[in-house]
Amino acid sequence: MSSTVTSGGARSELIAPGKTKDDWTKFAKQLVPGGDASIWAEAFDKFLLGRLRSRYLKPIALVRDKGEWEGEGFTIVSIQCALIEFLAATRAGKNYRHKRAQPPHEYQNSRELFVDFLFQTAPFDKLFSKGDAEDFYSNVRCALLHEARTKNGWIIWVTGTIAIDRQKKIVYRDSFQGVIEGYINNYGIALTADASLQEAFLRKFNDLAA
């Protein structure tokens, strides 16, 4: 599917299904931190959740449902790790810069953002201590994205009664997906009432639409 639409000779990038950067710019004029909860619920549903479903959640489900347990977990957990960083950046209202990041709202190295999110943010904080989060970042996230493997004893299984077994170093990919989707749902509820989350959301989507 094309990531751009053309209207009257002008091209605009899609940032969510059926929503262009121009659509966001217009819609964002209604968004006031501490303002109408229903407008914030619409922003979450049409822009963030629509973006997550089309680019992350549906692709993960397709790989999971069509897979034959022949290593699809590496693909699924790789996507989950990319998704976690985006969720962390959206919650904090931070934007990645390859060079010359300007704190506090830009970052260049994802380690601190990723690790802090996992051990400080519910429901992930029940799965990870700071040390566990650092281990996961180095030997699952970075190992998968840079070397297409896990390291230091970490393995990926399909499902279990828990999402992460820290002692055995097992990622139960389907259970972990349930935790991620639970976080997204809870974030959507919190976004309608939390002014600090709303301010961060605006920073993130304004940058996506820049």
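The model is predicted. A search of the whole structure finds eleven salt bridges. The largest nonpolar core has 56 residues. Helix α2 gives the most to that core, with ten residues.

**Salt bridges across the chain**

- Glu85 and Arg141 meet through their side chains in a salt bridge, 2.9 Å from N to O. The pair links distant parts of the chain, 56 residues apart. Glu85 sits in helix α3 (residues 72-92), and Arg141 sits in helix α5 (residues 130-147). Both Glu85 and Arg141 are buried.
- Arg97 forms a salt bridge with Asp207, and their closest N and O atoms are 2.6 Å apart. Here 110 residues separate the partners. Arg97 lies in the loop between β4 (95-96) and β5 (106-107), whereas Asp207 belongs to helix α7 (residues 195-208).
- Arg97 has a relative accessible area of 24% and counts as partly exposed. Asp207 is also partly exposed, at 25%.
- Asp132 and Arg166 make a salt bridge of 3.2 Å, N to O. Asp132 is in helix α5. Arg166 is in the loop between β7 (164-165) and β8 (170-172), 34 residues from Asp132 in the chain. Arg166 is partly exposed, with a relative accessible area of 33%.
- Salt bridges that share partners join Arg97, Glu106 and Asp207 into one network.

- Glu72 is placed in helix α3. Glu72 is buried yet has no salt bridge.
- A polar atom of the Glu72 side chain lies 2.8 Å from the backbone nitrogen of Glu70.
- Beyond its neighbours within four places in sequence, Glu72 is in contact with Val63, Gly67 and Arg173.

**The three-stranded sheet**

- Three strands form an open sheet in the order β6-β8-β7, with mixed pairing. The edge strands are β6 (155-157) and β7, and each pairs on one side only.
- Strands β7 and β8 run antiparallel and are joined by two bridges. Asp165 stands opposite Ile170 in β8.
- Strands of a sheet pair through backbone hydrogen bonds.

**Helix α4 and its cover**

- Helix α4 spans residues 111-120. Its buried residues include Leu113, Phe114, Val115, Phe117 and Leu118.
- The elements covering the buried residues of α4 include α3, β5, α5 and α6 (173-191).

**The nonpolar core**

- Within the largest nonpolar core, Trp24, Phe136 and Phe176 have the most contacts.
- Two or more residues come from each of α1 (21-28), α2 (37-66), α3, α4, α5, α6 and α7.
- Phe136 is in contact with Cys81, Phe114, Leu118, Phe128, Arg141, Trp154, Ile164, Val171 and Phe176, leaving aside neighbours within four places in sequence.
- Among these contacts of Phe136 is Arg141, the salt-bridge partner of Glu85. Phe114 and Leu118 are also on the list, and both are buried residues of helix α4.
- In soluble globular proteins, nonpolar side chains tend to be buried together.

Notes
Residues numbered from 1 in each chain as written. Predicted model: local features only at pLDDT ≥ 70, side-chain atom pairs only at ≥ 80, totals over all residues. Heavy atoms only, no water. Salt bridge = Lys/Arg side-chain N within 4 Å of Asp/Glu carboxyl O. Helix = DSSP H or I, 4+ residues; strand = E, 2+ residues; numbered from the N terminus. Buried < 20%, exposed > 50% of the residue type's maximum accessible area, 1.4 Å probe, protein only. Lys, Arg positive; Asp, Glu negative; His and termini not counted. Polar contact = N/O pair within 3.5 Å; in protein donor to acceptor, adjacent residues only side chain to side chain. Contact = heavy atoms within 4.5 Å. Pairing = 2+ DSSP bridges. Core = buried A, V, L, I, M, F, W, Y, C linked by side-chain atoms within 4.5 Å.
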